[in-house]
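Hi everyone, thanks for coming. Let's have a look at this one together on the screen.

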Amino acid sequence: MRILYSIFFIAFSGVCIGQQTTAPGAVTADSVATEVESVEGLEERKVTTRSIEQSTPLMDKKVTRNAYGYEIPMEDAEMSADAPLQLEETIVVANKFESMRIQAATQRTQRSPSIAQQSEMDEAVEYLEETSPNSFEYHYFNYAAGNYDVSRVGDLKEAENLRPNNSDVHVQMAAFNIINGDNNLAREYVNKMIASGRLSRSVLKYSEDILLSTPENGTLITHGFDDSYGTWYAQNVSGIRKDVNLISLDFMQSEHYRNALKNKGYSIPSRENIDVDFLKAFCGLNGQKKLAVSMTTPKEYFGPILNKLYVTGVVFEYRTTQFENFERNEYLWENILKKDLLISANDEKAKSLSANYLPMLLQMRKVYNQLGRTQDVADLDKILDRIGAQCKKYDQVQRLKSAY
């Protein structure tokens, strides 16, 4: 028997499409409709706004602010007799660099900087090399402009020597050591990110369920900051799902990282940019690797591969043949997922992330209705209502429920 699926709801990644005919119980990405954007994307846009608001330097304190709103005291030791003017120019250059990095990090269709963004960053580095070659800003920006180029690690280490408590440095050092395969050092820096609040406890809890949703001995593809570091911590520190291979699209910018994946048996597309087409090509080349994609990935990445993605827990599984995912979702919900964010969502990010459980639950509810399991429908309705209320999608959840 085949049924016609009405527009379904996916709260996080966001795919908008019309109706499709599928097998009973199967929910593919192109049978879902988007209602909200990725929490990670929204957070990144908030960062951009905050940076612009706070970018005016406090000249009397001689500070600027980085992309995350933290104060960065500018170095005075190298300033000439024209120190005030040079300081002002350096702050402008530093803010321009960070602006380009933010733009690159918040793009919806690619992780790689555009040609224009990269050019602006390189020009800023060249200016700092001429005016402040021994400064923190020069060393840190020179490394960051390399987009995980491990050959520039000397600059990153020098930046750390100058400011060992800088959280931006901790993020880059964590990434470098993950890419370089040094899990012990990576753990130290990720722990610093947690201690500083850069990586939230809510993300860590949710990341456990991302891993638990992934097929056995499968490959989990992450996209940005939260899901990449969160799942790495869950696996390498909390010991969850050691059988899963983690792949970060963000780290794919690194040639060293791509070569390491080749050595593990993955085929890497011969594309310069890490973008929507790169993900499509990567999935096509590695379909036998039991691929799953984090729902925190922007919806634009899913467009070219919609009919091959199936909702499974809080990931999309990539399947080249039809997949009956109802039983898998029911088993995950009843026996595997920890669901911490549904029990104790203590902050706004946790509440927003909880929306990612809705597609799975709405699918289960639909099948329960078809099977006449009225008590199971009633039990799920209580959970759906609670999640809808806490992620501010209550009315949308009610509309979807009434459609069934």
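I'll go from the whole chain to one helix, then to a strand, some rings and a loop.

A word on where this comes from: this is a predicted model, in which local features need pLDDT of at least 70 and side-chain atom pairs count only at pLDDT 80 or more, while totals for chains, interfaces and linings use all residues. Residues are numbered from 1 along each chain as its sequence is written, and side-chain values use heavy atoms, with hydrogens and water left out.

The protein chain has 17 helices and 11 strands. Those are DSSP runs, helices being H or I with at least four residues and strands E with at least two, numbered from the N terminus. Of the 404 residues in the chain, 57% are buried. Buried here means under 20% relative accessible area, exposed means over 50%, and partly exposed is in between, with a 1.4 Å probe and protein chains only. Among contacts in the chain with a separation of 6 or more, 62% are between residues 24 or more positions apart; a contact means heavy atoms within 4.5 Å.

Now please find helix α11, residues 276-285. Which of its residues are buried? They are V276, F278, L279, F282 and C283. Looking down the axis of α11, these buried residues fall within an arc of 160°, so they line one face of the helix. That arc is taken from the directions from the helix axis to the C-beta atoms. Covering them are elements that include β7 (219-222), β8 (245-248), β9 (291-294) and β11 (315-318).

Let's step over to β7. T219 and I221 point one way from this strand, L220 and T222 point the other way, and all are buried. In general, side chains in a regular strand alternate between the two faces of the sheet. β7 runs parallel to β8, and 4 bridges join them; strands pair if DSSP finds at least two bridges between them. T219 stands opposite N245 in β8.

On to the rings. How many aromatic pairs does a search of the whole structure find? The count is 13. Rings of Phe, Tyr and Trp (its six-membered ring) pair if their centres lie within 6.5 Å; planes under 30 degrees apart count as stacked, over 60 as edge-to-face and the rest as tilted. The F136 and Y140 rings are 5.6 Å apart at their centres with planes at 5°, so this pair is stacked. Both residues lie in helix α4 (residues 136-144), 4 residues apart, about one turn of the helix, and both are buried. F278 and F282 are stacked as well, 6.5 Å centre to centre with 15° between the planes. Ring pairs also link Y148, F225, Y229, F251 and Y257 into a cluster.

Y148 is in the loop between α4 and α5, and its phi is positive, near 70°, although the residue is not a glycine. N147 is in the loop between α4 and α5 (153-162) too, with a positive phi of about 55°. Most residues other than glycine have a negative phi. At 18% relative accessibility, N147 counts as buried, and Y148, at 12%, is buried as well.
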